[in-house]
Amino acid sequence: MPGGVAFKVEHAQVCKKDSQQIDDKDRAAIVELVRNHDGHVLITHGTDTMVETGLALKSAGVAQRRAVVITGALHPETFKDTDAHFNIGTAVGALNLLHSGVFIAMSGRIYDVSAVKRDPLTGQFVSSSSKL
């Protein structure tokens, strides 16, 4: 197993774009990939539009029997003090605990995709609901 991971990992790439360039066609491809996968899913995604992609997944109903966790990095991997690895670890941990639904994993927090927004002043993801 890669990096000491104690479970099966499969990898697929849908698109490699800045998230501001992701469009409905790309989101439909992501939905289709998730729909055709049997287990939980971790998606790495640019932070600018990850909520929109998560809402598309939720709207398509592909996470009724699985957890889908989307994560990214506020400080990309090319930066010295990237948060990418930490956020992926948070997402993997979430997949071990969550049963179904679409979630955003950022900065050590897990948010239901329907109850999260990005703070325009700080760039951080924050709850948009008191239900978390």
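# Exercises on a predicted model

At 0% relative accessibility, Ala91 counts as buried, and this residue of a predicted model is the starting point for the exercises below.

**Exercise 1. Place Ala91 in the fold: state which element holds Ala91, and which residues Ala91 contacts beyond its neighbours within four places in sequence.**

Solution. Begin with the secondary structure, where Ala91 is found in helix 3, the element that spans residues 84-97. Next, set aside the neighbours within four places in sequence; the contacts of Ala91 that remain are with Leu42, Val69, Thr71 and Ala105. Finally, the burial class follows from the accessibility, because buried means under 20% relative accessible area and Ala91 has 0%.

**Exercise 2. Describe how helix 1 and helix 2 pack, giving the angle and the distance between their axes, the handedness of the crossing and the residues that meet.**

Solution. First take the geometry: helix 1 (residues 24-35) and helix 2 (residues 50-60) pack at an angle of about 50°, and their axes are 10 Å apart. The two helices are therefore classed as oblique to each other. As for handedness, helix 1 passes helix 2 in a right-handed crossing. Then list the residues on each side: helix 1 contributes Arg27, Ile30, Val31, Val34 and Arg35, which meet Glu52, Thr53, Ala56, Leu57 and Ala60 of helix 2. Sorted by class, this contact has 6 nonpolar, 1 polar and 3 charged residues.

**Exercise 3. State how many salt bridges the model has, and work through the pairs Asp26 with Lys17, Arg35 with Glu32 and Arg118 with Asp48.**

- In the pair formed by Asp26 and Lys17, the closest N and O atoms are 2.7 Å apart; Asp26 is buried, with a relative accessible area of 11%, whereas Lys17 is partly exposed at 40%.
- The side chains of Arg35 and Glu32 meet with an N to O distance of 2.9 Å, and because these residues are 3 residues apart in helix 1, they are separated by about one helical turn. Arg35 is partly exposed at 38% relative accessibility, and Glu32 is likewise partly exposed, with 36%.
- Arg118 and Asp48 form a salt bridge at 3.1 Å, N to O. Arg118 lies in strand 5 (residues 116-118) and Asp48 in the loop between strand 1 (41-44) and helix 2, so this pair ties together parts that are 70 residues apart in sequence. Arg118 is partly exposed, with a relative accessible area of 30%, and Asp48 is also partly exposed, at 39%.

**Exercise 4. Decide whether Arg109 is buried, partly exposed or exposed, and locate its element and its contacts.**

Solution. The element comes first: Arg109 has its place in strand 4, which covers residues 109-112. Its relative accessible area is 45%, and Arg109 is therefore partly exposed. When residues up to four places away in sequence are not counted, Arg109 touches Thr90 and Ile104. To set Arg109 against another position, consider Gln124, which is 15 residues away in sequence and 11 Å away in space, C-alpha to C-alpha.

Definitions and conventions:
Residues are numbered from 1 along each chain as its sequence is written. This is a predicted model: local features need pLDDT of at least 70, side-chain atom pairs count only at pLDDT 80 or more; totals for chains, interfaces and linings use all residues. Side-chain values use heavy atoms; hydrogens and water are left out. Helices (H or I, at least four residues) and strands (E, at least two) are DSSP runs, numbered from the N terminus. Buried means under 20% relative accessible area, exposed over 50%, partly exposed in between (1.4 Å probe, protein chains only). Contact means heavy atoms within 4.5 Å. Axes are lines fitted to C-alpha atoms, for helices over the stretch in contact, and angles run from 0 to 180 degrees between N-to-C directions. Angles under 35 degrees count as roughly parallel, over 145 as roughly antiparallel, 65 to 115 as roughly perpendicular and the rest as oblique. A crossing is left-handed if the near helix is turned anticlockwise from the far one by less than a right angle, and right-handed if clockwise. Ala, Val, Leu, Ile, Met, Phe, Trp, Tyr, Cys and Pro count as nonpolar, Asp, Glu, Lys and Arg as charged, and the others, Gly among them, as polar. A salt bridge is a side-chain nitrogen of Lys or Arg within 4 Å of a carboxyl oxygen of Asp or Glu.
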